[in-house]
2 protein chains.
Amino acid sequence: MSKRVGMDQNTEELIRQSARKVFSEKGFSGARMQDIADEAKINRALLHYYFRSKEKLFELIFDEAVTRFLGAVQPIMFARIPLFEKIEKLVATEIDLCVAEPCNAMFILHEMMRNPAVLERRNIRKLYESFLGNLSVALTEEYKRGSIVKIEAESLFLHIISLVLFPFIGKAYLQQAFGLDEEGYWRMIQKRKKEVTRFVINGIRILEGRPEGVSSDS
Amino acid sequence: MSKRVGMDQNTEELIRQSARKVFSEKGFSGARMQDIADEAKINRALLHYYFRSKEKLFELIFDEAVTRFLGAVQPIMFARIPLFEKIEKLVATEIDLCVAEPCNAMFILHEMMRNPAVLERRNIRKLYESFLGNLSVALTEEYKRGSIVKIEAESLFLHIISLVLFPFIGKAYLQQAFGLDEEGYWRMIQKRKKEVTRFVINGIRILEGRPEGVSSDS
DNA sequence: GTTTGTGTTGACAATTTAGTTAAACATACT
DNA sequence: AGTATGTTTAACTAAATTGTCAACACAAAC
């Protein structure tokens with residue numbers, strides 16, 4: 001029929017992978033079509049044969065990146081499991097995701113800063129409304145049981161993704177500031193799975209029958 | 001003598017400001033010399049008259065950005081004040097800094113990811129050694145008094161800058177995910193000064209005479 | 001008033017880059 | 001063998017972008 005013609009396996013996927021690497025490392029403006037072609041070890045003309053233009057290819061890669069990110073988070077945010085377990089899973093899963101593709105977080109956020117409209121067609125808002133509504137229910141539940149302080153779902157979620165994503169976004173900076181080589185950096189990241197989980201839970205939990213730790217008026 | 005010749009006031013500073021804005025918003029690759037010239041309402045040739053090339057101008061702006069950032073943090077990290085007060089001041093100061101120049105954090109980190117060598121000549125490592133050594137002393141002190149859990153200076157510092165900087169780096173994403181307009185976003189940021197401070201302190205503090213909240217083996 | 005030095009400008013050159021096209025070749029399927 | 005699709009090579013266009021240069025403007029010095 002149509003597919004399965006070229007000599008080796010799927011070229012389209014090969015290009016996708018190369019584009020993913022180059023775009024996420026250099027950003028849209030910094031990436032050259034030639035870089036992507038080199039990475040895939042093909043020529044530039046073939047890029048345009050498969051994906052009409054740089055913009056089209058970029059949008060595809062960007063969309064994929066967002067999808068993979070949300071796809072990993074979604075099942076956890078919707079799972080009906082205890083709050084602390086949910087936090088732990090969220091932290092571990094997001095860290096694993098970033099370990100697999102270290103530049104993805106920076107890529108998504110930098111491109112969104114460049115042009116916020118790049119994500120507008122996806123109604124991410126609706127999705128996050130579910131995420132946060134869901135989380136909010138769990139939080140009020142735990143609050144009423146007296147096991148955690150009063151905290152908004154938005155705040156907690158933002159705390160978590162800040163703690164998880166920032167070390168990847170600031171990788172180069174942290175390596176120099178903390179004097180870490182590649183191995184030391186990745187060891188720190190792995191350590192952070194437990195560390196962040198503990199830190200977050202400690203930050204919101206109330207120990208047995210005690211009123212919340214710090215005065216909580218705003 | 002040499003200065004004070006042109007009709008209106010200092011052009012060099014005007015260019016600096018324009019370059020700062022354009023570079024920090026679009027990054028090195030995304031910024032065009034024409035954009036900077038437009039922003040300053042001058043001719044492109046004049047840019048090259050004052051600053052030889054795009055690279056030279058960029059390095060200057062980048063260095064300025066890092067300097068301003070570290071310059072604000074330094075006095076707090078070296079101040080001999082109680083730990084919790086230091087944390088509060090650090091959070092508030094960094095947030096104020098980011099409010100004044102919202103794209104700076106993203107700018108610095110993105111450019112460092114693009115080319116880590118951009119910061120190598122500055123020995124930022126030495127500075128952070130002082131920062132962290134200093135903080136470490138304060139932490140062991142408080143730990144021995146039984147008021148906080150055992151935590152490494154690197155971990156705490158990373159927690160704090162993650163919580164503070166990420167919301168600025170992820171501004172565009174957060175606005176869409178949380179459904180915030182400009183005003184709502186900035187209100188959230190202001191709220192975070194107290195919120196992050198409380199969250200961090202809560203995350204490391206031990207309430208009167210109690211063993212640490214969560215099992216702390218790694 | 002002329003000269004001089006610096007700030008400023010417009011036009012120009014050189015390079016880079018995205019994207020196109022045409023021709024040739026390769027390989028799988030019929 | 002013949003056809004359709006994938007792939008390479010090469011040249012090319014058009015636009016964008018950095019950097020340079022000679023001329024101009026104008027205030028201060030002579």
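In chain A, residues 24 or more positions apart account for 63% of the contacts with a separation of 6 or more; two residues are in contact if their C-beta atoms, placed from the backbone, lie within 7 Å. The model is predicted, so local features need pLDDT of at least 70 and side-chain atom pairs count only at pLDDT 80 or more, while totals for chains, interfaces and linings use all residues. Residues are numbered from 1 along each chain as its sequence is written, and chains are lettered from A and ligands numbered from 1 in the order in which they are written.

**Chain A as a whole**
- Chain A has 10 helices and zero strands; helices (H or I, at least four residues) and strands (E, at least two) are DSSP runs, numbered from the N terminus.
- The C-alpha trace of chain A spans about 70 × 45 × 30 Å along its principal axes.
- Of its 218 residues, 36% count as buried (20 or more other C-beta atoms within 10 Å of a residue's own; 12 or fewer is exposed, and in between is partly exposed).

**Where the chains meet**
- Chain B puts 47 residues in contact with 46 residues of chain A.
- On the chain B side, α8(B) gives the largest share, 10 residues.
- That side of chain B has 22 nonpolar, 14 polar and 11 charged residues; Ala, Val, Leu, Ile, Met, Phe, Trp, Tyr, Cys and Pro count as nonpolar, Asp, Glu, Lys and Arg as charged, and the others, Gly among them, as polar.

**Two crossing helices in chain B**
- The axes of α7(B) and α8(B) come within 9 Å and cross at roughly 105°; axes are lines fitted to C-alpha atoms, for helices over the stretch in contact, and angles run from 0 to 180 degrees between N-to-C directions.
- The two helices, α7(B) and α8(B), are therefore roughly perpendicular (65 to 115 degrees; under 35 is roughly parallel, over 145 roughly antiparallel, and the rest oblique).
- Residues making this contact include B:Leu132 of α7(B) and B:Phe157 of α8(B).

**The nonpolar core**
- The largest nonpolar core has 111 residues, and A:Leu165 and B:Leu165 have the most contacts inside it; such a core is a set of buried Ala, Val, Leu, Ile, Met, Phe, Trp, Tyr and Cys residues joined through C-beta atoms within 7 Å.
- Not counting residues up to four places away in sequence, A:Leu165 touches A:Cys98, A:Ala105 and B:Phe166.

**A closer look at A:Glu25**
- A:Glu25 sits in helix α1 (residues 11–30) of chain A.
- With 17 other C-beta atoms within 10 Å, A:Glu25 is partly exposed.
- A:Glu25 and A:Pro102 are 77 residues apart in sequence and 9.1 Å apart in space, C-alpha to C-alpha.
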